[in-house]
Amino acid sequence: MDQRQHAFEIFQAGVAAADPTAAVAQHLSGITPPKLIIAVGKAARAMAAPAIAAFPGVQTLVVTNYENASELAGAEVLAAGHPVPDENGLMAGQRVLAALRAADGPILVLMSGGGSALLPAPVAGVSLADKQAVNRALLGGGLEITAMNLVRQQLSELKGGGMLRAAAGPVTALILSDVVGDDLAVIASGPTVAPIGTAQEAVDVLQGAGIWDDMPASVKAHLAAGQTPDPLPAAKNILVGSNALSVAAMQKVAGVCTVLEPVEGDVAEAAKVICDQAGPGVTIWGGETTVVLKGDGRGGRNQELALRIALEAQARGWSNWTCLQGGSDGRDGPTDAAGGLVDQGTLARISDVDGLLANNDSYAALKEAGDLLITEATGTNVADLGVLIRG
């Protein structure tokens, strides 16, 4: 079988294993019929469908990204911006808060990755523009997801257990994890679990990343005040899908293969780690890397990681190899690509790969090579998946 085709089939197996409709459907039988259903995240629409079928007539709010925001019978679908929050997300946050406060019975929350940006609900004194500035600084600061969400939680009425504080009834949450290690406090910034840390710890994170001075004055003032919230009501949180389950599904399709530990951290270092451990045959992995923005190009962590693996492979003298690195949601950064599908001929098809990488313009580089991974939005989100095949 052609290596590129085989790599794509392995990747698709991982995406299919994170099917949000099936993941939710198999967990609904033991749930008390709710009075309100709230679905938030990139997989929100697909997660809501089986819940609506199981509990017809229940008020249902779906908040998802624009690419996944088609109509759904029985639900009010609200589209919002991702990865940077927008005005539609602000209005969606207000609708969700109002519905939670008005609920007269059990509440079913369906949560998936992307919910943090999709549902901004700024604390008093902090504007949407302020939150947008924070988000841009966090995304460009090279912070891993836990650190970013620690900060986001301190600036939101919904994150870090905010849904529980607002809810008039008991909450059950079915959660599709896009976070390595499946820490429920990190997924979508943990709206149904206790916060990751304190306001002072958020300050420490921002100062450690060198972006404290980039914070709006309102954000600095709120974090410096360091208010301690009241204890949270109890909630029932159930994990229904994850990156690890998708990697296991990829392994079944790949057959005999090397399975790496979750890949995290800076993309340049991650590329070296992957290539250090990848022997002949098939190597697979999951995870979520980070990129420090130094230029104004377009791309995302998956596209840049694919290119850096190509550079590593060239430096090691490899031949007859193929690598696919993609986001399980079908979107990588602010582009229409999921990632990259590269091989031993990729770099020769790019006129100035070093210059483009220096400008964080991995999209332009891969487009020139004809090696963008285009899948369209998948309707799910369990972080990133990678495949390397060496002949």
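The legends below describe close-up views of a predicted model. Local features are given where pLDDT is at least 70, side-chain atom pairs count only at pLDDT 80 or more, and totals for chains, interfaces and linings use all residues. Residues are numbered from 1 along each chain as its sequence is written, and side-chain values use heavy atoms, with hydrogens and water left out.

**View 1. The largest cavity and its lining.** A cavity is a set of points, on a 1 Å grid over the protein atoms alone, where a 1.4 Å probe fits but cannot get out, and its lining residues have an atom within 4 Å of a point. Four cavities of 30 Å³ or more are counted, and the largest holds about 60 Å³, a volume being the space filled by probe spheres set on the points, which are joined across faces, edges and corners. Its lining consists of Pro85, Ser116, Ala117, Lys131, Val134, Asn135, Leu138, Arg152, Leu155 and Lys159. Helix H5 (115-118) and helix H6 (128-140) are the elements that give two or more residues to this lining, and H6 provides the largest share, four residues. Helices (H or I, at least four residues) and strands (E, at least two) are DSSP runs, numbered from the N terminus.

**View 2. The second largest cavity.** About 50 Å³ of space lies here, lined by Val40, Met111, Gly115, Leu119, Leu158, Lys159, Met163, Ala188 and Pro191.

**View 3. The largest nonpolar core.** Such a core is a set of buried Ala, Val, Leu, Ile, Met, Phe, Trp, Tyr and Cys residues joined through side-chain atoms within 4.5 Å, where buried means under 20% relative accessible area (1.4 Å probe, protein chains only). Among the 32 residues of this core, Ile274, Trp285, Ile309, Trp321 and Leu388 touch the most other members. At least two residues each come from helix H12 (267-277), helix H13 (301-315), strand E10 (321-327), helix H14 (353-358) and helix H15 (362-369), and H13 gives the most, with six residues. When neighbours within four places in sequence are left aside, Ile274 is in contact (heavy atoms within 4.5 Å) with Leu260, Val263, Trp285, Leu305, Ile309 and Leu388. Another core, of 31 residues, lies apart from this one and includes Val63, Leu97, Leu164 and Ala173.

**View 4. The buried side of helix H9 (residues 199-208).** Its buried residues are Ala199, Ala202, Val203, Val205 and Leu206. They lie on the same side of H9 because they cover an arc of only 160 degrees around the axis, taken from the directions from the helix axis to the C-beta atoms. The elements covering these buried residues include H6, helix H7 (145-153) and helix H10 (217-225). Just after H9, Gly210 takes a positive phi of about 75 degrees.

Methods. On a 1 Å grid over the protein atoms alone, a cavity is a set of points where a 1.4 Å probe fits but cannot get out, and a pocket is an open set with protein on both sides within 12 Å along at least five of seven lines; lining residues have an atom within 4 Å of a point. Buried means under 20% relative accessible area, exposed over 50%, partly exposed in between (1.4 Å probe, protein chains only).
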